[in-house]
Amino acid sequence: MWSDANLNGCFMTPQPVPSRAELLAALQLQYEWGVDEALSEETIDRLSEASRVLPERTSGLPRVQSPSEAPRVSGGAALDQAQDLPSLIAASNALDDLFLARTATHRLQPIHVEQAPFMLIGETPDADEDRSGVLFAGWAGELLDRMLASAGLKRASLSMAPAIPWRPPGGRGVTEQEMRSCRPLLLKTIALCQPPFLVTMGVTPLRMLIGDQAMLGRLRGKWVEVSIPGLSNPLPLLPMRHPLQLAASPAARRNAWQDLLVLMERLASENKVQIQS
């Protein structure tokens with residue numbers, strides 16, 4: 001007859017103890033997934049803590065919410081009243097009701113350069129941008145610098161803005177709701193900088209400015225116009241691939257060069273107009 005000890009010896013094997021590196025890697029993974037608090041190992045019965053007395057019946061009049069209870073509305077009057085980028089950034093703290101703002105390491109901030117030839121709008125922040133808080137950081141920044149150099153440009157001469165200021169947890173894709181919530185901030189940023197035209201890199205800024213159904217593959221390299229609240233005239237917009245997409249295929253690199261030629265043609269044309277005037 002087999003005893004419990006015999007059975008345990010046959011079917012149970014000692015589990016290896018995780019190393020310190022494995023434990024740290026597990027914690028890092030939880031952080032990237034958006035975990036922001038520790039939970040108790042014991043189950044808590046929340047129903048037993050709730051009051052068993054029903055609240056009094058209220059009248060049909062709506063209850064007035066206190067400022068702390070009132071839900072924050074993305075792109076409210078505070079954004080509209082901002083007169084410059086610092087005040088816009090301060091006003092956009094109301095956007096911290098977004099899950100992204102609570103989990104990102106850094107917030108990417110727009111950069112305004114006086115007399116910049118155009119404004120460059122980037123994608124959702126990647127891991128390098130989130131760690132550094134710098135637009136187009138890491139490998140994406142190196143590729144961008146090479147692209148701009150081929151057009152005779154430097155990053156320091158351009159106005160830039162992120163389409164989404166915060167990186168989603170774990171690098172997941174940004175949702176349509178998050179794009180809609182951040183769109184007023186992007187539009188106000190463009191209105192304050194008043195660039196001659198826009199260059200978007202990636203599908204996220206294109207959809208936020210043109211529409212949810214915009215397809216980068218069909219629109220890239222072609223000039224379109226976008227209406228910006230606060231500006232009297234629509235702005236020309238050139239959609240381009242994001243620098244990190246250049247490694248996808250030789251066709252992507254050819255497309256990027258074709259788009260750069262379109263951009264250089266526009267810049268040369270505007271320079272001719274300025275010289276003649």
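**A pocket, a helix pair and a loop**

Let's start with the largest pocket: helix 12 (residues 250-276) supplies the largest share of its lining, four residues. Keep in mind that this is a predicted model, where local features need pLDDT of at least 70 and side-chain atom pairs pLDDT 80 or more, while totals for chains, interfaces and linings use all residues. Residues are numbered from 1 along each chain as its sequence is written, and side-chain values use heavy atoms, without hydrogens or water.

A pocket here is an open set of points on a 1 Å grid over the protein atoms alone, where a 1.4 Å probe fits, with protein on both sides within 12 Å along at least five of seven lines; lining residues have an atom within 4 Å of a point. The largest pocket has a volume of about 310 Å³, counted as the space filled by probe spheres set on the points. Of its 20 lining residues, Gln 115, Ala 116, Pro 117, Phe 118 and Pro 196 lie nearest the centre.

Now look at helix 9 (residues 176-193) and helix 10 (residues 203-210), whose axes, lines fitted to C-alpha atoms over the stretch in contact, come within 10 Å and cross at roughly 80°. That angle makes helix 9 roughly perpendicular to helix 10 (the term covers 65 to 115 degrees). In the contact (heavy atoms within 4.5 Å), helix 9 brings residues including Met 179 and Leu 187, and helix 10 brings Thr 204, Met 208 and Leu 209.

Finally, find Gly 230 in the loop between strand 4 (224-226) and strand 5 (235-240). Gly 230 counts as exposed because its relative accessibility is 75% (exposed means over 50%, with a 1.4 Å probe and protein chains only). Its C-alpha atom is separated by 8.9 Å from that of Leu 187, 43 residues apart along the chain.

Key. Helix = DSSP H or I, 4+ residues; strand = E, 2+ residues; numbered from the N terminus. Axes fitted to C-alpha atoms, helices over the stretch in contact; angles between N-to-C directions. Parallel < 35°, antiparallel > 145°, perpendicular 65-115°, else oblique. Buried < 20%, exposed > 50% of the residue type's maximum accessible area, 1.4 Å probe, protein only.
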